[in-house]
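Here are my notes on the model. Please read them with the structure open beside you.

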Amino acid sequence: MTKNEMVQVTIEDIGNDGEGIGKVDGYTLFIKDAIVGDVVEAKIIKPKKNYAYARVEKILEPSPYRIEPRCSYHRQCGGCQIQALDYKKQLEFKQNKVRNNLIRIGKFQESEIDGVMEPILGMEEPYHYRNKAQFPFGTDKDGNIITGFYAGRTHSIIPNTDCCLGDAQNEEILQCMLSYMKENGVTAYDEESGKGLVRHALIRIGHQTREVMVCLVINGRKIPASDKLIEKLCKLKGMTSISYSVNTEKTNVIMGNEIHTLWGKDYITDYIGEIQFQISPLSFYQVNSVQTEKLYGLALEYAGLTGRETVWDLYCGIGTISLFLSQKAKQVYGVEIVPQAIEDAENNAKLNGITNAEFYVGKAEEVLPQKYKEQGAHADVIVVDPPRKGCDEQCLQTMLRMKPEKIVYVSCDSATLARDLAILCEKDYKLERVRAVDQFGHTVHCEVCVELCQK
Ligand code: SAH
């Protein structure tokens with residue numbers, strides 16, 4: 001195949017990043033925005049030896065799984081990869097992706113996986129589910145201040161204040177921000193020159209409480225005319241916390257480490273199940289509250305607690321899983337790298353009158369081995385919920401040495417999950433149950449909960 005060549009192709013499969021996969025004369029094509037079942041006319045963009053990347057030029061026959069996407073920017077925006085795919089089919093894709101990774105990367109037998117894997121838990125309402133969004137600010141060609149989302153794989157901003165995965169209230173908050181900036185001559189940050197003030201707005205809205213947090217990330221140390229900003233924002237329904245974060249670095253990291261509260265509280269409050277949580281701007285908090293309750297319910301079920309167990313919850317964030325488990329355990333220990341999150345975790349324990357949960361700041365791969373070697377720390381159950389990169393090898397080896405009866409692994413990336421499970425299941429542990437939970441409808445991501453038992 002040569003660049004710019006046009007081909008007609010039937011899409012037979014979905015790739016890991018949501019792209020359509022089809023074959024022409026045994027040559028594999030990866031085609032963004034093509035849906036499994038489509039027949040498309042595609043243009044070859046990047047030809048390689050045995051495969052090529054191509055672009056949809058025309059849909060000749062639409063797939064029965066193709067639906068009309070709600071968002072008109074879904075093709076440009078980097079947020080949703082599979083919004084045009086029927087939601088049921090999205091779930092099937094995610095179930096298969098997890099299964100395939102466990103087989104391909106984890107080297108588990110197909111029959112073993114099929115014996116333990118339960119059907120994915122999907123959402124009832126796969127829109128407007130996100131309780132958090134981070135909107136970049138910039139300036140368009142005509143000098144107007146804009147906010148929205150980054151186009152896929154770039155940092156150019158598509159102006160859109162009305163994302164259909166986010167909370168409907170985001171729109172009025174962003175309009176307030178834009179008008180405050182225009183009226184007071186406040187500039188937007190420009191990545192190239194490193195000049196300009198406002199980089200991002202972080203918005204969080206409590207799912208049950210409807211408390212609203214706005215945190216501006218600025219390339220400077222002060223918000224000009226902050227009284228004008230407060231005046232506008234604090235009129236909005238549910239406004240609870242207005243703050244700013246200082247980030248003067250030339251970096252892709254969104255938040256700076258310093259947070260200053262301008263108005264209201266330093267945090268918002270929300271519930272997962274019966275448990276109340278205080279959430280600060282820098283704390284990790286699951287973005288889909290409805291599905292999180294299902295995910296933690298599953299982790300609790302898989303942990304099989306009776307009230308006598310000592311549980312370690314590694315990568316505990318603000319203690320969400322720890323506090324959920326503490327209701328049914330003798331003692332829970334949480335470990336987390338972000339100090340502010342541990343402060344929140346401790347407050348959250350107090351807030352809920354929970355006295356059997358203790359938290360440590362540090363890397364799981366350092367704190368756990370240290371507690372085990374120096375104090376002979378014991379665990380009946382170990383729960384891990386690491387970021388996408390998975391667990392550190394040192395952490396996994398210590399878990400194996402501690403010989404807990406059960407390990408519950410909560411993962412947001414089934415590839416690193418499969419890699420880590422291969423290590424855990426090499427000798428002493430076996431897969432007992434696996435279940436995916438869809439926290440991120442219209443994207444290619446999902447969460448997975450796994451129960452491991454001693455052989
Ligand atoms: N269990 C929590 C948080 C999960 S997200 C919840 O469901 O809300 C993963 C967490 O791991 C984040 O809070 C992140 O700050 C933390 N983290 C990242 N690397 C870590 C490490 N090496 N050791 C401990 N915590 C880490």
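1. Ligand shell, by class. The shell around the ligand holds nine nonpolar, four polar and four charged residues. Here Ala, Val, Leu, Ile, Met, Phe, Trp, Tyr, Cys and Pro count as nonpolar, Asp, Glu, Lys and Arg as charged, and the others, Gly among them, as polar.

2. Basis. This is a predicted model, in which local features need pLDDT of at least 70, side-chain atom pairs count only at pLDDT 80 or more, and totals for chains, interfaces and linings use all residues. Residues are numbered from 1 along each chain as its sequence is written, and side-chain values use heavy atoms, with hydrogens and water left out.

3. Ligand neighbours. In total, 17 residues surround the ligand. The closest are Y296, T320, E336, A364 and D385.

4. A polar side-chain atom of E336 lies 2.7 Å from a ligand oxygen atom. For D385, a polar side-chain atom lies 2.9 Å from a ligand nitrogen atom. Y315 uses its backbone: an N or O atom there lies 3.1 Å from a nitrogen atom of the ligand.

5. Ligand burial. Taken alone, the ligand exposes 570 Å², and the protein buries 90% of that. Accessible areas come from the Shrake-Rupley method with a 1.4 Å probe; for residues, only the protein chains shown count as cover. Helices α6 and α8 (364–375) are the elements that give two or more residues to the shell. Helices (H or I, at least four residues) and strands (E, at least two) are DSSP runs, numbered from the N terminus.

6. Strand β17. Is this strand buried or exposed? Six of the six residues of β17 (residues 331–336) are buried, so the strand is largely enclosed by the rest of the structure. Buried means under 20% relative accessible area, exposed over 50%, and partly exposed in between (1.4 Å probe, protein chains only). In a regular strand the side chains alternate between the two faces of the sheet. Both faces of β17 are covered: Q331, Y333 and V335 lie on one side, and V332, G334 and E336 on the other.

7. Neighbours of β17. Strand β16 (residues 310–314) pairs with β17 in the parallel sense over five bridges. Pairing requires that DSSP finds at least two bridges between the strands. W312 stands opposite Y333. The chain crosses from β16 through helix α6 (residues 320–326) to β17, a right-handed β-α-β crossover. Right-handed means that, with the strands pointing away from the viewer, the path from the first strand over the helix to the second runs clockwise. Strand β18 (residues 357–361) also pairs with β17 in the parallel sense, over five bridges. Y333 stands opposite E358 in β18. The β-α-β crossover from β17 through helix α7 (residues 339–351) to β18 is right-handed.

8. N348. This residue lies in helix α7 and is buried at 0% relative accessibility. The N348 side chain reaches the backbone nitrogen of Q278 at 2.6 Å.

9. Positive phi. K107 is not a glycine, yet its phi is near 60 degrees. K107 sits in the loop between α1 (87–104) and α2 (110–116) and is exposed, at 65% relative accessible area.

Technical notes:
A residue is near a molecule or strand if one of its heavy atoms lies within 4 Å of it. A polar contact is a pair of N or O atoms within 3.5 Å; within protein, one must be able to donate a hydrogen and the other to accept it, and residues adjacent in sequence count only if both atoms are side-chain atoms.
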